[in-house]
Number of protein chains: 2
Amino acid sequence: PIFKIHKWVPWFGLISSVFAMFIINPTISLISIVIVLMVYWYLSRQNLETPFEDVRSGLFVSFAEWAAKHTWGMKKMQQRAWKANLMVPVRDVNGLRGTFEFLRNIARPKGSIKLLGIEPFTEQSILARQLEEISASFRHKGVFSSSTVIHTKEFANGINYGSQALQGAFFRPNILFLNLQDHDDYENELKPVMKESIRLEIGILLFNLHTSALLGQRNTINVWVSNRKGNWQLEGWDIGNLDLSILVAYKLKMNWDARIRLITVVDNAKEEANAKNFLKTLISLARLPQTMTEVYIGTFIEMVRKAPPADLNIFGMKDTLPYDFIKDMSQKTSSSCLFVRDSGHESILA
Amino acid sequence: PIFKIHKWVPWFGLISSVFAMFIINPTISLISIVIVLMVYWYLSRQNLETPFEDVRSGLFVSFAEWAAKHTWGMKKMQQRAWKANLMVPVRDVNGLRGTFEFLRNIARPKGSIKLLGIEPFTEQSILARQLEEISASFRHKGVFSSSTVIHTKEFANGINYGSQALQGAFFRPNILFLNLQDHDDYENELKPVMKESIRLEIGILLFNLHTSALLGQRNTINVWVSNRKGNWQLEGWDIGNLDLSILVAYKLKMNWDARIRLITVVDNAKEEANAKNFLKTLISLARLPQTMTEVYIGTFIEMVRKAPPADLNIFGMKDTLPYDFIKDMSQKTSSSCLFVRDSGHESILA
């Protein structure tokens, strides 16, 4: 940094030579620039490995950082350009391997997956390496992913501190994905994490895989719309805790090539027409092609067992996150279930 | 997403119209593109506030995210394009206000500052808002910054879990900045945090502000080079725990318009020439213009008191992070002190 030149010298050179090029022969100049860019793009696809940093990588990284810094303030409102940025706490690598394809299909193609390993500190731990391998595998299969490990004995606190810290990150996770397994302690481990996510305005996906049916043929997705009890008008943009459910269903529909079925249960026959109308309007405003609808009369508990079979059932979750509702649902529906809580920042109508 | 068109349709349109433009009149085309870009740049500088998301912001954010994702793998080796990405744990907002300018001068212009508030959870907490204001103030003054708050009673664990989580972030902090204040418990709070930073390969800056002299005139920075006891050859790129000290001194030199003085203390007169030579080679290879050097014969403790005065003294810290070394140093030197531990990824010679 000893040899000093004025800032305008390189700029002047750049502008004047580009100008000269185009004045001499515009068509060839344009073609030559396109060729340079294409060679560059081709080379960067080859993933050349160098043992040390080169000028190119420094330039690219600086440019990416510049872009990230300058769009920081714009990231607040992203309803239209919604992407699934998942945060996935992992204690058990096998559980993660089992949900690999499911996560990938929720995030693909523009979302991201942040793996957050939770483990007490040991010297010979291989969790960090295992997660990094899975993360690389996500990246290789077209979904951006990164991983990190938090060393702690307290599962809930580790995740909560981690997600608080990531509030200030560039790829801020907007969905927490929890895989409900038999060894999980719902009240003391999962519930505090979900409560904190609600406070931080992060959406929640709680997944319960059916032990034998798994995700079946990936053909049909049932989305359960709660009984709105007379409030069947679609006014404004607030449709309750339903946006994230439909967004996730839509992502899976696209990536599985499946069909969505919206189901609602009403108390009496008088409401049936209103409910049908509501679902029809919703499908039209949310631009969901080829979606089936069903309106049943009866009680929810009864209809869950009678509803047409699906490979995945998606339910909304109440604020109180009751375990009663969740625990037997995958047996009752004979399928895998996904319980969803909106962050409040999603909008299916946007 | 109902109306489908093939991907090549917009591309074909774009390429063919740009082509036609340049064939018709190349010079005017080039000028018009430059004008469009300049209008765009001017408008984006105006910070127009819109109550809802627009297409422009979605486009920019998507582009920045694309760039960030594609440079992810390149971020490993960044010795040449080193930037100070500070992580600053904050318990006491006034302490942070006192170091505002100092932090800004270390990071400016390309670094970043991540404020990590640590506080037990209360309903009426205003820390998050205060930190966000300071963060906005950093951004306004040309240094990128973001803030987040971790709600915990355990200072050390909160920071450690936070910094572990941020290992997977795009702006991964590479320096932990700790402001040593009277109310801090060094052994139980600061030391565990520094130990964890060493494990995570994050550099450490421990700052001790002189209570009355503060940062003085910001004219002179003393950097203490440890006695290398015979090993005065500069071989390879490893110069020990000295890279980050010199990098920080260089940043402050540029932003304060100050001078650096490299000081080393040797045991006997025989080594004096070697030490002088070492400092001279170091200055030349690290490209540090206008740097003074001093070589003293005697003991370190004695010479710390006798050394020429400076507004800031920078010392390296041993792995064991002994408190004896740190506690009285700002009285002994009658100046503010900065204790530095390399992450191992900095290189002043790169």
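These legends walk through several close-up views of a predicted model. Local features are given where pLDDT is at least 70 and side-chain atom pairs where it is 80 or more, while totals for chains, interfaces and linings use all residues, and side-chain values rest on heavy atoms, without hydrogens or water. Residues are counted from 1 along each chain as its sequence is written, with chains lettered from A and ligands numbered from 1 in the order in which they are written.

**View 1. The sheet of chain A has 10 strands and is open.** Its order is S3-S2-S1-S4-S5-S10-S9-S6-S7-S8, with mixed pairing. Strands here are DSSP runs (E, at least two residues), as helices are (H or I, at least four), numbered from the N terminus; two strands pair if DSSP finds at least two bridges between them. At the edges sit S3 (144–151) and S8 (292–297) of chain A, each pairing on one side only. On average, neighbouring strands are turned by 20° against each other, direction ignored. Angles run from 0 to 180 degrees between N-to-C directions, using lines fitted to C-alpha atoms, for helices over the stretch in contact.

**View 2. Strands S1 and S2 of chain A run parallel.** Six bridges join S1 (residues 85–90) to S2 (residues 112–119). Look for Val88(A), which faces Leu115(A) in S2(A).

**View 3. Two helices, one from each chain, lie across strands of chain A.** From chain B, helix H6 (residues 155–165) lies across S2 and S3 of chain A, at about 155° to S3(A). Contact means heavy atoms within 4.5 Å.

**View 4. Chain B has an open sheet of 10 strands too.** The order reads S3-S2-S1-S4-S5-S10-S9-S6-S7-S8, and the pairing is mixed. S3 (144–151) and S8 (291–297) of chain B each have a single partner strand, so one side of each lacks a neighbour in the sheet. S7 (residues 259–266) of chain B pairs with S8(B) in the parallel sense over seven bridges, and Thr264(B) stands opposite Val295(B) there. Helix H4 (residues 93–107) of chain B packs on this sheet, touching strands including S1 (85–90) and S2 (112–119), and its direction makes about 175° with that of S1(B).

**View 5. Here are a few of the 22 salt bridges in the structure.** A salt bridge puts a side-chain nitrogen of Lys or Arg within 4 Å of a carboxyl oxygen of Asp or Glu. Glu101(A) meets Arg104(A) at 3.1 Å, N to O; the two are three residues apart in helix H4 (residues 93–107) of chain A, so about one helical turn separates them. Arg104(A) is buried at 11% relative accessibility, whereas Glu101(A) is partly exposed at 28%. Buried means under 20% relative accessible area, exposed over 50%, and partly exposed in between (1.4 Å probe, protein chains only). Lys191(A) and Glu187(A) meet at 3.5 Å, N to O, four residues apart in helix H7 of chain A. In chain B, Glu132(B) pairs with Arg139(B), their closest N and O atoms being 3.0 Å apart.
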